[in-house]
Amino acid sequence: MHARKENASDYPPNLVVVSCVLSSSTMVRLSRVFARNLFAAYLHRQNWTNLTTLRSSTTKAARLPRMDYQDAVCTLNTLQTNAAALEQVRRERGNPQLQLQAMRAFLQRSGLTVEELDHLNIIHVTGTKGKGSTCAFTEQILRNYGFRTGFYSSPHLVQVRERIRINGQPISKELFTKYFWQVYGRLDETKQANGGTMPAYFRFLTILAFHVFLNEKVDLAVIEVGIGGAYDCTNIIRKPWVCGVSSLGIDHTSILGDTIEKIAWQKGGIFKPGVPAFTVKQPDGPMTVLRERAKEIGCSLQVCPVLAEYPVESEPLHLGLAGQHQQSNASLALQLSHTWLQHRCLPDEPLSSTVDESSVVTQALPFQPSPIMMKGLKDTEWPGRTQTLQHGPITYFLDGAHTTRSMLACVRWFSEAAAQQERTAGVPAVRVLLFNATGERDSASMLKLLAPFHFDFAVFCPNITEVLASSNADQQNFNVSVENMLTRCLDHQGSWRAVSGQEAQPGPELLIPGSFPLVTERRGSHTLVFPCILSALQWIGQGRDPVLSAAGKRAAPVQPSVAATCRSLHLVGGASNTWTPPPRAPSPAACT
């Protein structure tokens, strides 16, 4: 405890929370059946017997019901692959070229051709970290110029329609529902003639985004790659106007390869003949691979200058997204938007130098950003990424770091932001880490980077928004079982104790709603595990988060002596959904 130690019974006035969220799965709001069996995995690890085994939800056959928004999302969720089947696909994946052939076939069955995608004037962006932020900067800049923008990204934080945006806003429930049933109906009608096949979840959403953007007549579409590049389903795009590669690192190794060079080869797969490509500064190995890919495909590749090299007349460039690492993303966005504008305004002028097969990667020239570009960088918002929220006396620091390199960037940002917050408050703060990671990511390495902050408490929980009977279809995820999520949480707790030098605490540590101890009842650094994000936030807030209190949410009661541990970007989304009620849908005219 750092604050008010002279009066241990007093709760400190400020609570600093950093939520570093790493994951590959979306949040889940559990059904009553889930709630009843939620803790079996935890109890099994404690060698407790006579308990029901945890089961994950199963997807039921799609139906064509009332065709409202929730029915659309529920039907969309039937296209998710359950965890066991997904693992089998990963083990048995063969010729990856077949993935793109299948995607083209699904697109055609939906009523579109790849040639029609040429009319979307696409900016295609890949990378390991920063690609979403780069897209957000780019979209904001071009929207500020008055263009009608489309923006396709993943994952979503709260509602699936966030993935498909027009003019910076998620498309309305009405538009999502309208286009969903149009596309789903065409695919369903042709299913029997095509071996009963339907596109998987991400493929379907990609096809849906293309339909939305074409029918809503956007001037351009900013398309973020899902995973990799070469064989990602977005790579059916034939003629983007410009391509970008953000910072590269190690991630999704079971799909992309176990070295950064192999990953670079996959990322460079989005390059297209004659289409200018830009990247940020990369390590020598992956940069060499990107250069070879550009040479092989037949396009120019330029490295973006550092942001400080762009000349400005008066005030320096200000970014709407916090963190030093956002500067390279902003520079990439400036080059992408500048090149797109050149193509739009000077379609007959060459956009880049011709490819010299004997040359190395060229350096992109810094230019003077226009006032519109500068405002675009400043106005950019991208929730869940280096985001600070003030809820009364509690400050939340949210980030979706999901690799060791991105965690390093998160650490630098949090170190500066938290120190500034404490200077402003004028009093020390209790620091609580809320953390989760899923999939194959090395959470122990990431937790080790957070240990020097000496958090008073480390809290873990799965990416489950609430343990309630009600169900939010937007946040259901069948790609990972609940048992796996809870098991991972327990692993995170053990890793944290190891890196922070804590001894394992005897007996089960179970915290339940209605019996949360006050912070002052525990001394030193402790680890706590909760069954869902709501329970974790309620304990962290200790009744002092006015936003959470205003929402009037209550966690469902659970069996005594169970606590869970958590962290993930989907964790950020779960927290966002917990703090706020679902947003009202904008009118169709203003939707995105």
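Hi everyone, let's start with threonine 138, which has its place in helix H6, residues 131–144. Just so you know as we go, this is a predicted model. Is threonine 138 buried or exposed? Threonine 138 is buried, because its relative accessible area is 0%, and the cut-off for buried is under 20%. If you'd like to see who surrounds threonine 138, leave out residues up to four places away in sequence, and you'll find that it touches Ile123, Ala333, Leu336 and Ser337.

Now on to serine 154. This residue sits in a loop, with strand E3 (149–152) on one side and strand E4 (164–166) on the other. Serine 154 counts as buried because its relative accessibility is 16%. Which residues does serine 154 touch, once those up to four places away in sequence are not counted? They are Arg163, Phe202, Glu224 and Gly226.

According to UniProt, in an unreviewed entry, the annotation "binding site" covers Ser154, Glu224 and His252.

Last one for today, glutamate 216. Where do we find it? Glutamate 216 is in the loop that runs between helix H8 (201–215) and strand E6 (220–224). With a relative accessibility of 16%, glutamate 216 counts as buried. Setting aside neighbours within four places in sequence, glutamate 216 is in contact with Arg148, Ile166, Leu175 and Tyr179.

Terms used:
Residues are numbered from 1 along each chain as its sequence is written. This is a predicted model: local features need pLDDT of at least 70, side-chain atom pairs count only at pLDDT 80 or more; totals for chains, interfaces and linings use all residues. Side-chain values use heavy atoms; hydrogens and water are left out. UniProt positions are given in the numbering used here, feature names are shortened, and annotations may be inferred rather than shown by experiment. Helices (H or I, at least four residues) and strands (E, at least two) are DSSP runs, numbered from the N terminus. Buried means under 20% relative accessible area, exposed over 50%, partly exposed in between (1.4 Å probe, protein chains only). Contact means heavy atoms within 4.5 Å.
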